[in-house]
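Student: Before we look at any residues, could you show me how a careful reader works through a model like this one?
Tutor: Let us begin with the structure itself and then take its features in turn.

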Amino acid sequence: MAPFHIRPARPEDCADLLRLIKELAKYEDMEDQVVLTEKDLLEDGFGEHPFYHCLVAEVPKEHWTPEGYSIVGFAMYYFTYDPWIGKLLYLEDFFVMNEFRGFGIGSEILKKLSQVAVKCRCSSMHFLVAEWNEPSIRFYKRRGASDLSSEEGWRLFKIDKEYLMKMATEDRNYSSQP
Amino acid sequence: QGPRAGRSRGKVPLWGRPVQAASLETHPDPCTEQLERSAGWGAPEQSRGLSRTLELGIDPQENGSCNPAQPARGQQGNPADDPVLSEDGFGEHHFYKCLVAEVPSEHRSRDGHTVVGYGLYFFTYSTWKGRNIYMEDLYVMPEFRGKGIGKKLMSKIAEVGLENHCTQMKFAVLDWNRPAIDFYQSQGALDLTATEGWHVFRFESDGMRRLAQGPPGE
């Protein structure tokens with residue numbers, strides 16, 4: 001088993017974070033969707049008001065990748081809220097490089113995240129999984145996760161910026177009417 | 001995000017007390033009633049047995065407004081505020097933000113309330129697109145529906161998102177809620193579960209504790 005340790009991300013990890021984010025997006029066949037930059041990650045994660053938190057998995061030098069990378073996995077999370085039960089931990093992204101799977105890195109990251117959630121008095125942990133991603137679905141279900149979309153009928157929706165602008169502008173037009 | 005543990009279809013929050021408020025905007029929105037159901041509030045008569053008295057201290061306004069909620073202030077003859085909601089929304093770290101819709105006193109509800117709707121949201125993050133705004137709850141009291149209040153609350157949340165450089169708004173809707181789905185789609189919303197196959201998963205408290213305490217791996 002390759003030795004590794006899990007630690008909170010530091011500002012200097014942003015380049016590795018972006019690399020892994022793109023690798024995960026590629027795995028999901030969505031690589032062209034990543035528009036985030038290192039600068040965004042730095043400002044948004046390590047500025048005055050962090051929008052996210054990250055754990056990274058690091059391996060010692062003898063296990064670095066051929067390209068010289070020591071950070072081989074990450075998990076990005078933040079806190080959300082349910083007015084009925086309070087704080088939740090939301091797992092936004094979770095990825096371990098292909099060649100480092102099967103060593104328990106993913107399980108250890110999940111364990112650390114759960115410890116954070118319990119420590120912060122979160123009632124539950126939520127996250128998304130693509131319905132075609134059977135290995136991940138099995139990984140999570142084995143550990144007791146429920147698929148709320150299948151079980152309760154929840155669907156996730158998004159509204160992109162151009163429609164947000166239209167909505168906000170229309171509201172102002174209504175407001176100005178007598 | 002959004003889905004809640006074993007939630008029943010609807011609860012009716014009890015609003016604290018009558019306060020001064022302002023004039024309603026009145027442009028009819030036939031989808032408003034169904035909109036509130038999108039937050040999982042189907043049958044108002046059902047209850048989880050939890051009755052949350054949410055007291056929002058609001059300054060009198062001259063015009064119809066969707067205002068940021070304020071921490072509860074003591075008012076003579078009114079019940080105590082909810083300490084958890086108070087701490088989590090107005091303490092050192094804001095885990096959520098809230099807009100409220102208030103009406104003038106002459107339009108107050110049958111029970112004397114002038115806070116008649118709310119939208120609860122928080123900021124999230126996308127590793128692809130950066131800052132997002134998440135609309136967790138959207139609710140308007142039944143007697144005030146059909147007046148565009150829900151739509152206005154949602155527009156205000158969109159505005160907050162844009163002001164904070166968010167590139168997307170996200171929210172969850174139950175698959176049986178066709179009127180709400182139709183309305184959101186008319187506003188440009190995209191169903192990511194249907195189009196991209198995203199499913200919402202959850203570890204509940206017990207599951208999380210087992211993960212936190214148990215050994216790593218299989």
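Tutor: Helices and strands here are DSSP runs, numbered from the N terminus, where a helix is H or I over at least four residues and a strand is E over at least two. Read that way, the elements of chain A follow the order β-α-α-β-β-β-α-β-α-β-α-β-α from the N terminus on, which comes to six helices and seven strands. This is a predicted model, in which local features need pLDDT of at least 70 and side-chain atom pairs count only at pLDDT 80 or more, while totals for chains, interfaces and linings use all residues. Residues are numbered from 1 along each chain as its sequence is written, chains are lettered from A and ligands numbered from 1 in the order in which they are written, and side-chain values use heavy atoms, with hydrogens and water left out.

Student: How should I read the packing of α1(A) and α2(A), and at what angle do they pack?
Tutor: Axes are lines fitted to C-alpha atoms, for helices over the stretch in contact, and angles run from 0 to 180 degrees between N-to-C directions. Angles under 35 degrees count as roughly parallel, over 145 as roughly antiparallel, 65 to 115 as roughly perpendicular and the rest as oblique. Helix α1 (residues 14-27) and helix α2 (residues 38-46) of chain A pack at about 115 degrees, with their axes 9 Å apart, and α1(A) and α2(A) are therefore roughly perpendicular to each other. The contact involves C14(A), A15(A), L17(A), L18(A) and I21(A) from α1(A), together with E38(A), L41(A), L42(A) and F46(A) from α2(A).

Student: Where is L36(A), and is L36(A) buried or exposed?
Tutor: L36(A) sits in the loop between α1 and α2 of chain A, and with a relative accessible area of 5% L36(A) is buried. Leaving aside residues up to four places away in sequence, L36(A) touches L18(A) and L41(A), and also Y125(B), S126(B), T127(B), W128(B), K129(B) and G130(B).

Student: How are aromatic pairs judged, and how many does the structure hold?
Tutor: Rings of Phe, Tyr and Trp (its six-membered ring) pair if their centres lie within 6.5 Å; planes under 30 degrees apart count as stacked, over 60 as edge-to-face and the rest as tilted. There are 22 such pairs over all chains. In one of them, the ring centres of F127(A) and F203(B) are 5.6 Å apart and the planes are at 35 degrees, so the pair is tilted. This pair crosses between chains, from strand β5 (residues 124-130) of chain A to strand β9 (residues 198-203) of chain B, and both F127(A) and F203(B) are buried. Elsewhere, F46(A), F51(A), Y52(A), Y121(B), F123(B) and Y125(B) form one aromatic cluster.

Student: What does G144(A) touch?
Tutor: G144(A) touches R202(B) and F203(B), not counting residues up to four places away in sequence. G144(A) lies in the loop between α4 (134-142) and β6 (146-147) of chain A, and at 35% relative accessibility G144(A) counts as partly exposed.

Student: What is the phi of R121(A), and what is that of H165(B)?
Tutor: Most residues other than glycine have a negative phi. R121(A), although not a glycine, has a positive phi of about 60 degrees, and H165(B), likewise not a glycine, has a positive phi of about 60 degrees. R121(A) is in the loop between α3 (105-119) and β5 of chain A and is exposed, with a relative accessible area of 64%. H165(B) is in the loop between α3 (149-163) and β7 (168-174) of chain B and is exposed at 59%.

Note on methods
Contact means heavy atoms within 4.5 Å. Buried means under 20% relative accessible area, exposed over 50%, partly exposed in between (1.4 Å probe, protein chains only).
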